[in-house]
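Subject: Structure handover and notes

Dear colleague,

I am passing on the structure we discussed, and below it you will find notes on what was found in it. Please read them alongside the coordinates.

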Amino acid sequence: MEDSAVVRMVMLLVFVGWLMMWVMLPTETYKFSWKPTLANRLDSTYFREQGTNLVLFSFPIMFLASLGCIYLHFQKKSRSESNLTRRRWLDVWKRPLIVTNLLGIVSVMELVFAAMFIALLGWSLYNYLHVSFTHPHMHHGVVQKEWLTKFRSVSLRLGYIGNITWAFLFFPVTRGSSILRLVGLTSESSVRYHIWLGHLSMVLFTAHSVGFIIYWAFTHEMALMLEWSRTYISNVAGEIAFVLALIMWVTSMTRVRRKMFELFFYTHQTYVLYLFFYIIHVGVAYFCLILPGIFLFLIDRYLRFLQSRTNVRLIAARLLPCDTLELNFSKIAGLEYHPASFLFVNVPLISKLQWHSYTVTSNANMEPEMLSIVIKCQGTWSHKLYQELSGSAIQRLQVSVEGPYGPTSPHFLSYENLVLISGGSGITPFISIIRELTFQKARQEQQPDKNHKIPTSVLLICVFKNSAELSMLDLLIPLTSTSTPSDLSQINLQIHAYITREVEQPQTLENIKTPLQTKWFKPNVSDSPVSPQLGPDSWLWLCAIISSSFIMFLILLGFVTRYHIYPKDDIEGDKVYNYTFKTLWDMFFVCVSVFLATSFMYLWQKKENDKKEGMKVQNFEVDEVGEIERFDRQSVVETTEVHFGHRPDLKRMLMEKNKKEADVGVLVSGPGKLRREVAKICSSKMAKNLHMESMSFNW
C-alpha cells in the first residue's frame with residue numbers, strides 16, 4: 001500500500017510539473033531566461049531545436065503513461081475499502097451542477113477543470129500578446145502600421161492557443177489509455193471532452209486562419225497563401241489542414257451527426273490527412289509539444305486495427321419482437337471486463353468500413369466463455385443486420401470486434417442502495433450490472449465476508465415506448481444460464497416498467513412471455529474467440545510498447561538528425577535543411593516505431609494466447625451447446641410491475657429513496673432528456689443522499 005502511494009505521488013508530481021511548463025511557456029521568463037539556458041543544454045546535435053520540447057513536454061507524459069500501466073497492472077486485482085472511501089469523498093465533486101441542452105450534464109469537478117483549462121488558455125494568450133507587443137517583430141523586415149502588426153500578432157497567437165487544445169485533444173479518444181484510467185475515466189465517458197476540445201480548437205484555428213487572410217489582404221501579400229517555404233512553415237499545408245478541419249467540424253455537429261451518421265463517420269476519417277498537413281504547418285518544435293497525445297493514440301489505434309483483423313466466433317443470436325437482437329460471442333476465460341463495458345463491432349456483410357459500439361450485457365464472472373451485446377435497430381446498419389439474421393437461413397456470420405472497453409472496477413457495488421433508470425435501449429448497461437449483483441450475492445452466500453458489501457436493494461425503473469420492448473427484460477437471464485426470474489429476487493430487485501405510448505394492456509402482451517427466438521451458428525476454423533489485445537497481462541505489455549516505441553523513436557530521430565540533418569543544417573550559415581523534410585522525418589519515425597513495437601508485442605501475445613486457449617474453446621463448442629437448449633425459461637415480464645399510459649414520477653420516487661435511505665446510487669442511461677431530468681433532481685440541495693452517474697453511449 002505504501003509503494004502504491006509513492007507511485008501515485010510520483011505520477012502526480014510529474015503531471016503537475018508538466019502542467020506548470022504549459023503555464024510558463026508563454027511568459028517572458030521562459031522565452032528570455034529559461035529557454036536560452038535550456039536550449040544550450042538540451043538542443044544537442046542529436047535533436048537540434050526539438051530537444052527542449054522533447055524533454056519538457058513529450059517525455060513527462062510518455063513516462064506517466066508507462067508508469068501508469070505498471071500501476072494499473074498491480075492495482076487491477078485489489079478491491080480494497082480504501083477505494084470506497086475515496087469514492088465517497090469524490091461524490092461531492094461528481095454531483096451535477098449545470099444541466100443544459102447544449103452542454104448536457106456538467107459536474108462540479110468538470111466545471112472546475114474546465115475553468116482551469118480556460119484560465120490556462122486566457123493566461124497563455126495574455127502573455128503571448130504581452131511579449132509580442134512589448135518586443136515587436138518586423139515581419140520580412142518591413143515597417144508596418146502598428147495596428148496591422150498587432151493584428152498579425154493576435155492572429156498568430158490564436159494559433160498557438162489552438163495548439164494547446166491539440167495537446168489534449170487525443171487523450172479522450174485513446175480507448176485503451178492508461179492516462180484515462182489513472183484519472184478514473186473511460187473513453188466512453190470522456191468523448192464529450194474530445195467534442196468540447198474539438199469545437200474550441202476549431203474556433204481558435206478559424207480565427208487564426210481568417211485573421212491571416214485579412215492581414216495578407218491589407219498588406220497586399222495574398223501571394224503568401226501559395227507559399228510553401230523551404231526554410232519555414234508551409235502556408236499551403238496550413239490551408240489544406242484548415243479546409244479538412246472545416247469539413248470534419250461541420251459534419252460533426254450534433255444535428256448532422258445523428259441524422260447522417262455515415263456522412264459524419266466517413267468525413268471524420270480524413271483526420272489522418274488533416275494531421276499530416278497540420279504537423280507540416282506547425283513544424284517540428286511545436287509537434288513535440290503535442291506529440292504525446294498523438295503518439296499514444298496511434299499505439300491504441302494500431303492495436304485496435306490488429307485486433308479487428310481477426311474474425312470472432314459468433315455462437316448464437318437471440319431475436320426479440322421489438323427489433324432488438326443479442327449477439328453471443330465465444331471468448332477466452334482470461335478476458336476480464338466490468339459491467340457497463342462496450343464493444344465495437346464490424347459486420348462486413350453489412351458494411352466493411354463502419355464500426356458501431358454496443359454495450360456488453362454479459363458478465364465475465366457468470367459467463368467466463370461467452371460475451372454478449374445487445375443491438376437495438378435505430379439506423380440503417382442495425383436494421384440491415386436484424387433483417388439478415390431474421391429473414392435468412394444464414395449459418396455463419398463474419399464479425400470483427402474491438403474491445404471491450406470500460407470501467408476498471410464495479411464501483412456501483414459500493415452503494416448501499418441502487419436505483420437504475422433507463423429509457424428504451426438504455427437498459428442494456430443495467431443488464432450486466434444486475435448480472436454482476438446476482439453473482440456477487442451468490443458468492444457472498446457461499447463465502448461470507450464482512451468487508452465485501454453489495455447494495456441491499458435494487459430498483460429498476462425502465463421506460464419503453466410500447467409493450468413489445470418489454471421483451472428486453474428477458475435478457476436479464478443469460479443465454480447459457482439455468483437461472484429463472486425468481487433468482488433475481490435474491491438481490492432484492494424490483495422492476496417497474498412504464499409503457500408511454502399505450503394507455504392500457506394490449507391483448508398481445510401474452511406473446512411477450514413466449515421464449516425468445518434463438519439462432520445458432522456453425523463454428524468455423526477461421527474464427528477465434530474474443531480475447532484481450534495483449535493477453536492477461538495487457539497493462540504490462542502496453543507499458544513495454546509505449547516505452548520501447550518512444551525510445552526507438554528517439555534513437556532513430558537522434559541518429560538521422562546527427563548524421564544526416566545536422567551536417568546540412570547550418571542555421572548561422574548558408575546551408576539550411578528543408579523545414580518540411582524535418583517534419584516528414586519526425587512523422588515517419590513515429591509511425592515506424594509504433595508499427596514495429598506494437599506488431600512484435602501483439603503477434604507474440606496472440607501466438608501464446610492461441611496455444612493456451614484453443615482447447616478450451618473447442619470444449620465449449622462441442623460439449624455445452626446441446627445442454628443449453630434444454631431449458632425453457634419463465635419470462636421476466638411476469639415478475640415486473642407494468643404501468644401503461646404515463647411516465648414515471650421520478651422526482652417523487654427518488655425523493656422517497658432520499659428520505660428512507662442514507663446512500664443511494666442513481667444510475668441513469670437513455671435519451672438526453674431523461675438523463676437531464678434525473679440530473680436536475682439529484683442536483684437539488686434536498687437530495688443529499690442521491691449520488692448520480694450518467695451513462696451515455698450516443699454522441
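The chain exposes about 33,000 Å², of which carbon and sulfur atoms supply 61%; accessible areas come from the Shrake-Rupley method with a 1.4 Å probe, and for residues only the protein chains shown count as cover. Please keep in mind that this is a predicted model, in which local features need pLDDT of at least 70 and side-chain atom pairs count only at pLDDT 80 or more, while totals for chains, interfaces and linings use all residues. Residues are numbered from 1 along each chain as its sequence is written, and side-chain values use heavy atoms, with hydrogens and water left out.

Overall composition

There are 18 helices and 15 strands in the chain, where helices (H or I, at least four residues) and strands (E, at least two) are DSSP runs numbered from the N terminus. Of the 699 residues, 53% are buried, buried meaning under 20% relative accessible area, exposed over 50%, and partly exposed in between, with a 1.4 Å probe and protein chains only. Among contacts (heavy atoms within 4.5 Å) between residues at least 6 apart in sequence, 80% join residues at least 24 apart.

Leaving aside neighbours within four places in sequence, Phe-57 is in contact with Trp-18, Met-21, Trp-22, Leu-25, Tyr-30, Cys-288, Leu-289 and Pro-292.

Sheet and hairpin

Four strands form an open sheet in the order 7-4-3-12, with antiparallel pairing; two strands pair if DSSP finds at least two bridges between them. Strand 7 (370-376) and strand 12 (517-520) stand at the edges with a single partner strand each, so one side of each is left without a neighbour in the sheet. From one strand to the next, the twist averages 20°, with axes taken as lines fitted to C-alpha atoms, for helices over the stretch in contact, and angles running from 0 to 180 degrees between N-to-C directions. Strand 3 (residues 314-320) is joined to strand 12 by four bridges, the two running antiparallel, and Arg-318 has Thr-518 as its bridge partner in strand 12. Helix 13 (residues 380-391) packs on the sheet, touching strand 3, strand 4 (324-330), strand 7 and strand 12, and its direction makes about 75° with that of strand 4.

Elsewhere, strand 1 and strand 2 form a hairpin with three residues between them; they pair in the antiparallel sense over four bridges, and Ile-98 stands opposite Val-106 in strand 2.

Individual residues

Ser-187 lies in helix 8 (residues 187-218) and counts as buried at 5% relative accessibility. Its C-alpha atom is separated by 5.7 Å from that of Val-173, 14 residues apart along the chain, and, leaving aside neighbours within four places in sequence, Ser-187 is in contact with Pro-172, Arg-175, Leu-180, Phe-342 and Tyr-405.

A cis peptide bond with omega of about 5° joins Gly-403 and Pro-404, and Pro-404 is placed in strand 8 (residues 400-405). Asp-323, in the loop between strand 3 and strand 4, has a positive phi near 55° although it is a residue other than glycine, and is partly exposed at 36% relative accessible area. Ala-340, in the loop between strand 4 and strand 5 (342-346), likewise has a positive phi, of about 75°, but counts as buried at 13% relative accessibility.

Finally, a search of the whole structure finds zero disulfides, a disulfide being a pair of cysteine sulfur atoms within 2.5 Å. Cys-462 is buried at 0% relative accessibility, whereas Cys-591 is partly exposed at 47%.

Best regards
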